[in-house]
Structure formats: C-alpha cells, structure tokens
Amino acid sequence: MRHHMPMSRGVELAVRSATCTTVGLALGLTWWLINRLFEADVFCTGEGCLGVVLLLYPALLVVCALLGHFVLTSSGLPHGWLVAMLGPMASGVFIGLWPALTPFATVASVTGGYLVAGLVSAPVAFRSQ
C-alpha cells in the first residue's frame, strides 16, 4: 500500500485549477469542433438546419456537461459535481462577453468558465476534507 503525503492547500488549489482548466479546454475544443461541423453542413443542409440546430445544441450542451462531470469525478476531484454544474454556467457568461463568437472566444470562454468554477468551488471542497 502506498502512503500519500498530504498536499498543502496551495498545491491542492493548483492541481484543482489545472484539472478544471484541462477539462474546460477539452470541452471548449469539442464545442468548437461541433460548431465547425455545423458550419460545414455535415449534420444537415438547407432550410431544415434550423430545427436540427435548435434541437441538437441544447442536447450537445447537456452531453458536454455530463462528460465534464464524468471526467471530473473520475479524476477524484473533490466536489467535481459542483464544477460540472457551475462550469457551463460560467462559460455561458463568458461567451456573452465577447463581441463576436470566434473559435478563440469559444475555447477561451469554456476553459475560463471551468477554471472559475473550480476556483469558486474550492472552499467547499477544502472545507469538506
């Protein structure tokens, strides 16, 4: 059996931030790729696309949030469910701040949203340990 040395709060916060940022970056890149596929008419073409977009975008947002939850909790992040819940909300706020939704804005917003969610939820995670 391996004995783990306890980490200081600063190291725990750095690991938490890095984990949340990595998950946010992966989800941001996934969301950007999905947008590119819609723009390239991979999923649909013509006038029927609006209905597909209106149905698929919310579903894809939920799938991305659930995927983030799975990765965060599987990694052993304390209170990963809280990050998975707050991350998409913070990402949506950040996306709304950009004047134009570029690929960089999408990826940066989702990455930043998950980072902020990880930092905001850190006191709750540290308090429960």
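Start by selecting helix H1 (residues 9-39) and helix H4 (residues 103-120), which pack at an angle of about 150 degrees with their axes 7 Å apart. This is a predicted model, in which local features need pLDDT of at least 70 and side-chain atom pairs count only at pLDDT 80 or more, while totals for chains, interfaces and linings use all residues. Residues are numbered from 1 along each chain as its sequence is written, and side-chain values use heavy atoms, with hydrogens and water left out.

**Stop 1: H1 against H4**

Keep both helices on screen. The axes here are lines fitted to C-alpha atoms, for helices over the stretch in contact, and angles run from 0 to 180 degrees between N-to-C directions. The helices themselves are DSSP runs (H or I, at least four residues; strands are E, at least two), numbered from the N terminus. H1 and H4 are therefore roughly antiparallel to each other; the classes are roughly parallel for angles under 35 degrees, roughly antiparallel over 145, roughly perpendicular from 65 to 115, and oblique for the rest. Their crossing is right-handed, a label used when the near helix is turned clockwise from the far one by less than a right angle, with left-handed for anticlockwise. By class, the contact of H1 with H4 has 14 nonpolar, 8 polar and 1 charged residues. In this scheme Ala, Val, Leu, Ile, Met, Phe, Trp, Tyr, Cys and Pro are nonpolar, Asp, Glu, Lys and Arg are charged, and the others, Gly among them, are polar.

**Stop 2: two residues of H4**

Select Thr-106, which lies in helix H4. Is Thr-106 buried or exposed? Thr-106 is buried, with a relative accessible area of 3%; buried means under 20%, exposed over 50%, and partly exposed in between (1.4 Å probe, protein chains only). Now show what Thr-106 touches: Gly-28, Trp-31, Trp-32, Asn-35 and Leu-101, leaving out residues up to four places away in sequence. A contact here means heavy atoms within 4.5 Å.

Move on to Val-107, also found in helix H4. Val-107 counts as buried at 15% relative accessibility. With residues up to four places away in sequence again not counted, Val-107 touches Leu-25, Gly-28, Leu-29 and Trp-32.

**Stop 3: H1 against H2**

The axes of H1 and H2 come within 11 Å and cross at roughly 160 degrees. That makes H1 roughly antiparallel to H2, and H1 passes H2 in a right-handed crossing. To see the contact, select residues on both sides: the H1 set includes Thr-19, Val-23, Leu-27, Trp-31 and Phe-38, and the H2 set includes Val-52, Leu-56, Tyr-57, Cys-64 and Val-71. The residues of this contact of H1 with H2 divide into 16 nonpolar, 4 polar and no charged.

While H1 is displayed, pick Val-15, which is found in this helix. Val-15 is partly exposed, with a relative accessible area of 41%. From Val-15 to Leu-77, the separation is 62 residues in sequence and 9.1 Å in space, C-alpha to C-alpha.

**Stop 4: the loop between H2 and H3**

Next, center the view on His-79, placed in the loop between H2 and H3. What is the phi of His-79? His-79 has a positive phi of about 55 degrees although it is not a glycine. For background, most residues other than glycine have a negative phi. His-79 is partly exposed, at a relative accessible area of 22%.

**Stop 5: H3 against H4**

H3 and H4 pack at an angle of about 135 degrees, with their axes 7 Å apart. That makes H3 oblique to H4, and H3 passes H4 in a right-handed crossing. The H3 side of the contact includes Val-83, Gly-87, Ala-90, Ser-91 and Phe-94, and the H4 side includes Ser-109, Gly-113, Tyr-114 and Val-116. By class, the contact of H3 with H4 has 12 nonpolar, 6 polar and no charged residues.

**Last stop: the whole chain**

Zoom out to finish. The protein chain has 5 helices and 0 strands, following the pattern α-α-α-α-α along the sequence. Of its 129 residues, 33% count as buried. Among contacts in the chain with a separation of 6 or more, 68% are between residues 24 or more positions apart.
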